[in-house]
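Visitor: I am new to this structure and would like to learn how to read it. Could you show it to me and take my questions one by one?

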Amino acid sequence: MFKRNKHGIQVKSAEQLEKMRAAGLVVGRTLELLKRTVEPGMTPLDLDVIAEKAIRDEGAIPSFKGYQGFPATICASVNNEVVHGIPTEARKLREGDIISIDCGAILDGWHGDSAVTVPVGEVEPKLLELIRITEEAMWAGIRTLSPGRHLSDIGHAIERYVKSQGRFGIPPEYGGHGIGTEMHMDPWIANHGKAGRGPVMEAGMCLAIEPMVNLGSERTRVLGDDWTVVTVDGKPSAHFEHSVAVTHNGPWVLTALDGGKERLSQP
């Protein structure tokens, strides 16, 4: 039985949240493995093979593989690729690259979805700063998840943090989403905008919070493969994501191994 509120947003029971947590941990452990594995000379396809094995070894199914025709287990987006990069063996990761790894898994019918951006070897300080800002923006959005607050508070917090750090681009057409018995569900969550608008959050909602931040302009385009999104100006982009449950005790980060306790305890 799947409860939905008046806006059609799925609201999970305590038991269903535990199932979401189990799926989230599969994704979290897989991404931790991939973060440790990334090194110069690997190909994105190497990482994809490792990810699929890790997910299936836990009795789960890759969410992305076959989703609307997507051919792989992870999205692997390198440098100026914003999101939805297809892993191939056509290019090797080089020292100084950055790579966004987006991963999803289905366990017992419930989805987890998370993404990280990882430096490949030693990278320029400006790229490390881009990664830091994008991850901090994600946590700024996550901290707003509380019953009684509005969904637009999430994007407002993300945008406010990014703008406080300098001139960066936030692609307006991409954002977060609801998650549960499907990977992408209502509501869509913008990474920008005014606070206090849209539906009110309720305990039991599960939302994927995922800012993408460009080092240059916000403008993007989709390549001929109909998946890979790149920056128009060719400058690098970073991407972070966690699946998070709204609870009366604050956000529960389902895809973080510690549930988000360490980062949420920081001011």
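This is a predicted model: local features need pLDDT of at least 70, side-chain atom pairs count only at pLDDT 80 or more; totals for chains, interfaces and linings use all residues.

Visitor: Which side chain meets Lys35 in a salt bridge?

Guide: A salt bridge is a side-chain nitrogen of Lys or Arg within 4 Å of a carboxyl oxygen of Asp or Glu. Here the partner of Lys35 is Glu32, at 3.3 Å from N to O. Glu32 is partly exposed, because its relative accessibility is 30%.

Visitor: Where do Glu32 and Lys35 sit in helix α1?

Guide: First, how elements are named: helices (H or I, at least four residues) and strands (E, at least two) are DSSP runs, numbered from the N terminus. An α-helix has 3.6 residues a turn, so residues three or four places apart point the same way. Helix α1 covers residues 14-37, and Glu32 and Lys35 are 3 residues apart in it, so about one helical turn separates them.

Visitor: How many salt bridges does a search of the whole structure find?

Guide: The search finds 11. One of them joins Asp57 and Lys53, at 2.7 Å from N to O. That pair belongs to helix α2 (residues 44-57), 4 residues apart, about one turn of the helix. Asp57 is exposed at 55% relative accessibility, and Lys53 is exposed too, at 54%.

Visitor: How does helix α4 pack with α3?

Guide: Two packed helices are described by the angle between their axes and the distance between the axes. Axes are lines fitted to C-alpha atoms, for helices over the stretch in contact, and angles run from 0 to 180 degrees between N-to-C directions. For α3 and α4 the angle is about 150 degrees and the axes are 8 Å apart. That makes the two helices roughly antiparallel (angles under 35 degrees count as roughly parallel, over 145 as roughly antiparallel, 65 to 115 as roughly perpendicular and the rest as oblique).

Visitor: Which residues of α3 are buried?

Guide: The buried ones include Leu127, Leu130, Ile131 and Trp139.

Visitor: Could we turn to strands? In which sense do β10 and β15 pair?

Guide: Two strands pair if DSSP finds at least two bridges between them. Strand β10 (residues 206-209) and β15 pair in the antiparallel sense over 4 bridges, and Cys206 stands opposite Ala245 in β15. On its other pairing, β15 meets strand β16 (residues 252-253), also antiparallel, over 2 bridges, with Val244 opposite Val253.

Visitor: How many residues lie between β15 and β16 in their hairpin?

Guide: There are 6, and in the turn Gly250 has a positive phi of about 105 degrees. As for β15 itself (residues 242-245), both faces are covered: His242 and Val244 are buried on one side, Ser243 and Ala245 on the other.

Visitor: Which loop holds Asn79?

Guide: Asn79 is in the loop between β4 (74-78) and β5 (81-83). Although not a glycine, Asn79 has a positive phi of about 55 degrees. Asn79 counts as buried, at 18% relative accessibility. Asp226, in the loop between β12 (220-222) and β13 (229-231), has a positive phi near 70 degrees, and Asp226 is exposed at 65%.

Visitor: Which peptide bond is cis, with omega near 5 degrees?

Guide: The one from Asp186 to Pro187. You can find Pro187 in strand β9 (residues 185-189).

Notes
Residues are numbered from 1 along each chain as its sequence is written. Side-chain values use heavy atoms; hydrogens and water are left out. Buried means under 20% relative accessible area, exposed over 50%, partly exposed in between (1.4 Å probe, protein chains only).
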